[in-house]
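Please look at the sequence and the model first, then read the points below.

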Protein chains: 2
Amino acid sequence: MKIETKVEKFNEPLYLESGRLLESFEIIYETYGELNEDKSNVIIVCHALSGSHHAAGRYASEAKAGWWDKFIGDGKAIDTTKYFVICSNNIGSSYGSTCPMSIDPSTKKEYRLKFPVLAISDIVKAQMKLYKRLGISNAVAVVGGSMGGMQALCYAIEHPTFAKHIIALATTAYTRPWAIAFNKIAIEAIRHDPIFKNGNYKKDDPKALGLPGLAIGRMAGLICYLSPNLFNNKFGRDYASTDGLYELFGRFEVEKYLEYNAYSFPKFFDPLSYLYICKTMNIFDAGRNKDKLEDSFDKVQSNLHLIAFSDDMLFFPQEMEEIRDIMIKLGRENQVTYKLVESQSGHDSFLVEVEKFEDHVREILKDS
Amino acid sequence: MKIETKVEKFNEPLYLESGRLLESFEIIYETYGELNEDKSNVIIVCHALSGSHHAAGRYASEAKAGWWDKFIGDGKAIDTTKYFVICSNNIGSSYGSTCPMSIDPSTKKEYRLKFPVLAISDIVKAQMKLYKRLGISNAVAVVGGSMGGMQALCYAIEHPTFAKHIIALATTAYTRPWAIAFNKIAIEAIRHDPIFKNGNYKKDDPKALGLPGLAIGRMAGLICYLSPNLFNNKFGRDYASTDGLYELFGRFEVEKYLEYNAYSFPKFFDPLSYLYICKTMNIFDAGRNKDKLEDSFDKVQSNLHLIAFSDDMLFFPQEMEEIRDIMIKLGRENQVTYKLVESQSGHDSFLVEVEKFEDHVREILKDS
């Protein structure tokens, strides 16, 4: 599989939903496979909150491959011998695209808390500019889970002629207060972290790299990405150490798991990006409040494929079923498919249980 | 209804599960109604994590009545014209019973992080000493929800001849990793709060009273005490202010709710108590690890009444059903009842939806 990582700079404004703009912006992106002559073999992959453009393959320096490596590659469900796959780092995210720690051209300083709030549609709009520059005007499919699924739905609604297939996993048409509440823990923990300094933390402050507020926020995420059943099976009431029963701090395997994964997170993720992305997810509403969801989904021309997971504790299967029901109500039953995957892995199933939906995706793509 | 609030001091050691001891201890408790001559009309009420001994009635200074006022009173399901109700503040809690901020007699200073970890059985053991001093040797019923339900189960198993009825609501026989994970957010947020100063915060430091770490921990609790359905119905995607859509901080009603309730909490609850009580809940295991749950429940002589709530996201109904199934397996089907209450209020249903189980409790108590 051919892998390339590139950066595109756009010296033109990106007008945002908020009425604000980015005077210029950059997108870092990765591609897998080769673009065919008529540029008709493109599949777009969209990443989730803490994901990056590195969706597949493994760099020499890496212990682990890209986040969807099970799914994307030669002969895999998203087959890179056939398709040219593009995964961009979302603007707002801290893996190399324009984000709050980028330099604001008007001040020559980092944006930090002056960065504009982005909507999902802004992220998608920036990606569309990338495709235009690459001479790509349509895609076989747009595929994404969680916040990547929000992007996939946004492509379907706002760019209805772009993709033949939209494959949205573990996502929702609008973020419910339950999900907003989990994000709220992160927002408050980061805000109150004294190292955060109201967004003015030192960029290379080693303590900022281990920001406990972000770690605590990540912990809230880790809970709702998994499921009670998975926690029971994975950790039970096992001890992390045998002498901790009556010690106040530490004891259970589940606590050790949360500590390890939460405290390692700020070493590679920026707290300002985390705040902005939480906000982007919170305000996502495919119905755009004033309209009805039906009006939005009535615009869809792609085939819309919804994949939900039984134990998803962040975006419950009912939220995906709501989209299916709207499509049916609109008389689009031939244009929508819904698959409920039984899985104890919760929300993260779209990342870790690829084997449960890869054949379904192969089937979707088989004539494309 | 006659209400009395009293304190009992015990100048005798309380030997703890951990092998440690409290050299002396105090219990603040409240009583409702009047003790009859042969002391045979006692009902014990046990409170949850953030509850207190003030379960019913309203003080002149109070805006709100005690936490179970709908349930306890003259003519109510726990009828104070008939019963003498006792609710103690759990040791470890910060409402007046011995807790981490109490003076350690051996050092003449506050215990703080030198306070011993308490098990549910230690809390119950202290309460049993109170009843002994009051000349009370048995009860018509022990009633409690959540952590109060853990105490109720503990009475059933460790003091099997004490109560005729055990009524346990919204609780579990052993704390699962899902619940431990929510507590972990609180533990980590408090530990990393610089105002907490590793437990050495100033007692009267006004900032300590607003400790954001405890508030953030409370926020995690508030999420799992409610339910996705309740959040949807109560908050939807309503704005708290109309101008906040593209502002980074604040916007949604659910965020306003969480902020208000979380940030007011540290004004009346002590962070060290919160840490210790989380630990007490985390280590609760009626099966005591080495034994089997069956061995524990085989000791029960009381009638065991289990009340679960459909949308409980902290202690799921299946956890209550497990106890029922064990009782049936032990051939005790005549000694156990199980009621599943349909309620969107989640874990907090035991507090706020009393009307859905009060008749059931009246029926349980009617011949007592």
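Asp312(A) sits in the loop that runs between β13 (303–309) and α10 (317–329) of chain A. The structure is a predicted model. UniProt, in an unreviewed entry, gives Asp312(A) the feature "active site", together with Ser146(A) and His347(A).

**Active site in the record**

- The three positions listed by UniProt as "active site" (unreviewed entry) are Ser146(A), Asp312(A) and His347(A). They are spread over 202 residues of sequence but cluster in space, with a largest C-alpha distance of 10.4 Å.
- Asp312(A) has a relative accessible area of 1% and is therefore buried, the cut-off being under 20%.
- Beyond its neighbours within four places in sequence, Asp312(A) is in contact with Ala170(A), Pro317(A), Gly346(A) and His347(A).
- Ser146(A) lies in the loop between β11 (139–145) and α2 (147–158) of chain A.
- Ser146(A) is also buried, because its relative accessible area is 5%.
- Residues up to four places away in sequence aside, Ser146(A) touches Ala48(A), Leu169(A), Ala170(A), Thr171(A), Met281(A), Phe315(A), His347(A) and Phe350(A).
- His347(A) and Ala170(A) are among the contacts of Ser146(A), and both are among those of Asp312(A).

**Binding site in the record**

- Under "binding site" (unreviewed entry), UniProt lists Arg218(A) and Asp348(A). These positions are spread over 131 residues of sequence, yet they cluster in space, with a largest C-alpha distance of 14.0 Å.
- Arg218(A) belongs to helix α5 of chain A.
- With a relative accessible area of 13%, Arg218(A) is buried.
- Not counting residues up to four places away in sequence, Arg218(A) touches Ser50(A), Tyr225(A), Asn261(A), Ala262(A), Phe265(A) and Tyr274(A).
- Asp348(A) is in the loop between β14 (336–341) and α11 (349–352) of chain A.
- Asp348(A) touches Tyr225(A) and Leu226(A), again leaving out residues up to four places away in sequence. Tyr225(A) is also one of the residues touched by Arg218(A).

- α2(A) has 12 residues, which at 1.5 Å a residue should span 16 Å. The end C-alpha atoms of α2(A) are 16 Å apart, so the two values agree.
- α2(A) is mostly covered, with 11 of its 12 residues buried. Among the buried ones are Met147(A), Gln151(A), Cys154(A) and Ile157(A).
- Helix α3 (residues 177–191) of chain B has 15 residues and should span 21 Å at 1.5 Å a residue. Its end C-alpha atoms lie 20 Å apart, which agrees.
- α3(B) is mostly covered as well, with 14 of its 15 residues buried.

**Cavities**

- How many cavities of 30 Å³ or more does a search of the whole structure find? The search finds 2.
- The largest cavity holds about 120 Å³ of space.
- The lining of the largest cavity consists of 14 residues, and those nearest its centre are Ala189(A), His192(A), Asp193(A), Ala189(B) and His192(B).
- α5 (212–225) of chain A and α5 (212–225) of chain B each supply at least two residues of that lining.
- Sorted by class, the lining of the largest cavity has 8 nonpolar, 4 polar and 2 charged residues.
- The second largest cavity has a volume of about 40 Å³.
- The second largest cavity is lined by Ile91(B), Gly92(B), Leu118(B), Ile123(B), Met147(B), Tyr276(B), Ile277(B) and Thr280(B).
- Which helix gives the most to the lining of the second largest cavity? Helix α8 (residues 271–282) of chain B does, with 3 residues.
- The lining of the second largest cavity has 6 nonpolar residues, 2 polar residues and no charged ones.

**A lysine in a loop**

- Lys64(A) is in the loop between β5 (42–46) and β6 (72–73) of chain A.
- Is Lys64(A) buried or exposed? Lys64(A) is exposed, because its relative accessible area is 66% and the cut-off is over 50%.
- Lys64(A) and Lys203(A) are 139 residues apart along the chain, and their C-alpha atoms are separated by 26 Å.

Definitions and conventions
Residues are numbered from 1 along each chain as its sequence is written. Chains are lettered from A and ligands numbered from 1 in the order in which they are written. This is a predicted model: local features need pLDDT of at least 70, side-chain atom pairs count only at pLDDT 80 or more; totals for chains, interfaces and linings use all residues. Side-chain values use heavy atoms; hydrogens and water are left out. UniProt positions are given in the numbering used here, feature names are shortened, and annotations may be inferred rather than shown by experiment. Helices (H or I, at least four residues) and strands (E, at least two) are DSSP runs, numbered from the N terminus. Buried means under 20% relative accessible area, exposed over 50%, partly exposed in between (1.4 Å probe, protein chains only). Contact means heavy atoms within 4.5 Å. On a 1 Å grid over the protein atoms alone, a cavity is a set of points where a 1.4 Å probe fits but cannot get out, and a pocket is an open set with protein on both sides within 12 Å along at least five of seven lines; lining residues have an atom within 4 Å of a point. Grid points are joined across faces, edges and corners, and a volume is the space filled by probe spheres set on the points. Ala, Val, Leu, Ile, Met, Phe, Trp, Tyr, Cys and Pro count as nonpolar, Asp, Glu, Lys and Arg as charged, and the others, Gly among them, as polar. The expected span of a helix is 1.5 Å times one less than its number of residues.
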